[in-house]
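Hello,

Here is the structure I promised to pass along. Have a look at it first, and then read on for my notes.

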Amino acid sequence: MGLDEREARHVASFKITYPTVFGYIKEGASSSKHHLSAVKSFKDWKSFDCESGVKAFILNGMEDLKLQLYQDITNFFLDEKFYGAKMIAHDMHNKSQIFVAEMCNWMDVFFQELLTTSEATEEEAWLLVSGCTKKIFEDLRRVRATAANATSEINPSSKCATYLWALIQSHIG
Amino acid sequence: MTTDLHCLLCLGAVGLYISSGRNSAFAWHSIKVDLLSSEQLSSVLYEKHTREEWVYLFHLWNTQASPSAVKLGAPGILGHGVVSAIKPPKRVCLEEPLEVTANLNLSDNVLAEVIEENQGKWEEVAPDLVLLSSTSSEDKTQEVRLEDILQSWDSLVRTTKALSSSFRSIQRKHSKLSKDFDERTSTLESLIGQCSENQLKDDYITIWDAISFLHSGLEALGKNLSDLQARNLSQENSLKDKVKALEESAQSTLTKISQSFSELATFTQVLSEEQALIIQQIKSSFDSDDKLAALRRDMQELNSKISNLDTTPNSSSSHMSEEVTALKIQVKLLESRIPIYNLLRLGAMTFQSQSEVAVFVENKVPHNSFSMFQDIVTLMERLSGTYVERKEVINEWYQAT
């Protein structure tokens with residue numbers, strides 16, 4: 001295939017519904033009853049020390065990727081001929097960063113709101129929050145599925161267009 | 001002769017008084033006897049005058065009975081019973097008494113001659129002079145009568161001199177009074193309104209001039225005010241007319257604008273309803289976004305075909321050109337009615353179909369650059385290959401050691 005690690009992760013992301021950080025299932029384990037198998041409870045999502053937990057992992061990773069991806073995009077589209085592509089790549093990256101940050105914040109706020117405004121327990125509240133989050137990725141899956149088998153296309157230009165179209169639809173959705 | 005002329009002079013113990021009944025000495029004027037010589041006294045007693053004339057004479061004698069005055073007992077005065085009563089002018093108010101000479105002693109003949117010569121003039125010049133009758137002198141000798149004439153002439157000359165001096169005195173007093181009157185008038189004028197001289201302008205010297213000037217100024221001001229009011233009234237009327245005309249024109253314009261707005265709102269509403277109906281029909285026709293994208297692709301292909309028709313030589317005829325133009329317009333109209341709510345603007349670019357993306361990638365994107373475009377899933381997948389919590393790593397590290 002001739003794919004490096006970055007391209008491999010990119011191609012693999014179109015074959016899954018949930019990001020690994022949410023839907024990872026250990027090998028040999030059966031399907032989880034939880035919506036997000038990697039984040040079974042709010043405690044796993046956000047620990048009290050605010051240093052561990054999936055949320056801290058995501059936000060720290062996003063902070064790291066913010067500069068890393070910015071630099072990668074800038075270096076890749078050095079030629080003025082690709083100025084439009086560079087701008088699209090930066091725009092998509094920024095919108096994705098914003099969406100992830102807002103989603104993480106919404107999960108916290110919605111969980112606390114359920115606890116304070118209803119008689120739901122933490123498990124019940126987290127079940128609802130994780131269910132909504134799962135629904136988001138399932139909707140994204142509908143438009144991203146068009147590029148699930150794009151690797152089979154021979155024409156690299158067509159393959160790139162297929163991925164780009166699916167990503168654009170994902171942003172629209 | 002009236003009855004008053006029969007009143008007799010009575011010589012009492014203390015003086016001479018007019019007898020008109022009991023207690024006349026206390027009720028009427030009198031003079032002291034020692035003021036007159038014996039001859040004068042005898043002469044006076046023979047004279048007959050009215051009561052008022054006697055009172056006046058008594059008063060005159062008493063007034064001039066001071067030590068500085070002329071002694072009544074001087075020779076010639078009332079010596080022969082000839083007395084002229086001279087009344088001082090009543091209308092002249094003098095601070096100093098007139099120097100009326102009392103020692104007038106004219107004989108009847110001389111005085112009569114003088115009076116006869118100046119009968120008309122005398123009444124004009126001295127209407128207050130009264131000629132008194134005197135005693136007869138026929139029983140006197142020629143020498144005595146000549147002496148009396150000489151004395152009378154001297155008395156006439158002195159009297160004339162005295163009258164002349166009196167007239168000059170009266171003239172001086174009159175001139176002095178006139179001068180005082182003018183000065184007081186000027187003082188009064190300057191004091192009216194307490195107006196000082198430095199406040200007076202060049203246009204007026206006295207306060208009367210100032211008042212006249214102010215009066216004329218007030219009249220001019222009133223006239224100007226009336227003119228101004230009339231002009232203001234006319235301008236106000238014209239302004240009202242203009243405002244009314246403007247209001248009417250503005251009202252008509254607003255009515256027209258309102259009607260236009262209502263028609264425009266109706267037209268917009270109709271267009272919105274038509275657009276909503278078209279969108280609904282399109283959405284009902286295409287149950288998925290893929291079909292909508294396919295429609296967009298078809299529209300793009302149609303556009304490309306039209307472009308090809310433009311460039312082909314066969315389309316040089318005018319008929320074909322018109323058809324192509326009409327077709328272009330219809331295509332644009334159809335494109336404008338395709339819903340664009342699901343379009344996203346990324347990097348100043350808008351893609352309506354996958355074919356547009358393909359063209360864009362073909363021309364402006366490196367073919368191996370698909371990993372540079374991110375969404376939230378690819379971005380989260382870039383976090384790590386597998387999700388491993390830090391404590392798990394630490395536990396594994398601890399168990400391994």
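**What I found**

Chain B has a secondary structure of twelve helices and five strands. Please keep in mind that this is a predicted model.

Let me stay with chain B for a moment. Of its 401 residues, 13% are buried. If you take the contacts in chain B between residues at least 6 apart in sequence, 64% of them join residues at least 24 apart.

Next, the place where the two chains meet. Here 48 residues of chain A are in contact with 37 residues of chain B. On the chain A side, at least two residues each come from helix H1 (5-13), helix H2 (20-23), helix H4 (54-76), helix H5 (83-117), helix H6 (122-144) and H7. Which of these gives the largest share? That is H7(A), with 13 residues. Sorted by class, the side of chain A that touches chain B has 28 nonpolar, 13 polar and seven charged residues.

- From H7(A): A:Ser157, A:Ser158, A:Cys160, A:Ala161, A:Leu164, A:Trp165 and A:Ile168.
- From H10(B), which they meet: B:Gln354, B:Val357, B:Ala358, B:Val361 and B:Glu362.

By class, this contact of H7(A) with H10(B) has eight nonpolar, three polar and one charged residues.

Finally, the largest nonpolar core, which has 49 residues. The members that touch the most others are A:Ala89, A:Tyr163, A:Leu164, B:Phe373 and B:Met380. At least two core residues each are supplied by H2, helix H3 (42-45), H4, H5, H6 and H7 of chain A, and by H10 and helix H11 (376-381) of chain B. H7(A) again has the largest share, here with eight residues.

What does A:Ala89 touch, not counting residues up to four places away in sequence? In chain A its partners are A:Ile73 and A:Phe77, and in chain B they are B:Met372 and B:Phe373.

Happy browsing, and write back with any questions.

Best wishes

Definitions and conventions: Residues are numbered from 1 along each chain as its sequence is written. Chains are lettered from A and ligands numbered from 1 in the order in which they are written. This is a predicted model: local features need pLDDT of at least 70, side-chain atom pairs count only at pLDDT 80 or more; totals for chains, interfaces and linings use all residues. Two residues are in contact if their C-beta atoms, placed from the backbone, lie within 7 Å. Helices (H or I, at least four residues) and strands (E, at least two) are DSSP runs, numbered from the N terminus. Ala, Val, Leu, Ile, Met, Phe, Trp, Tyr, Cys and Pro count as nonpolar, Asp, Glu, Lys and Arg as charged, and the others, Gly among them, as polar. A residue is buried if 20 or more other C-beta atoms lie within 10 Å of its own, exposed if 12 or fewer, and partly exposed in between; C-beta atoms are placed from the backbone. A nonpolar core is a set of buried Ala, Val, Leu, Ile, Met, Phe, Trp, Tyr and Cys residues joined through C-beta atoms within 7 Å.
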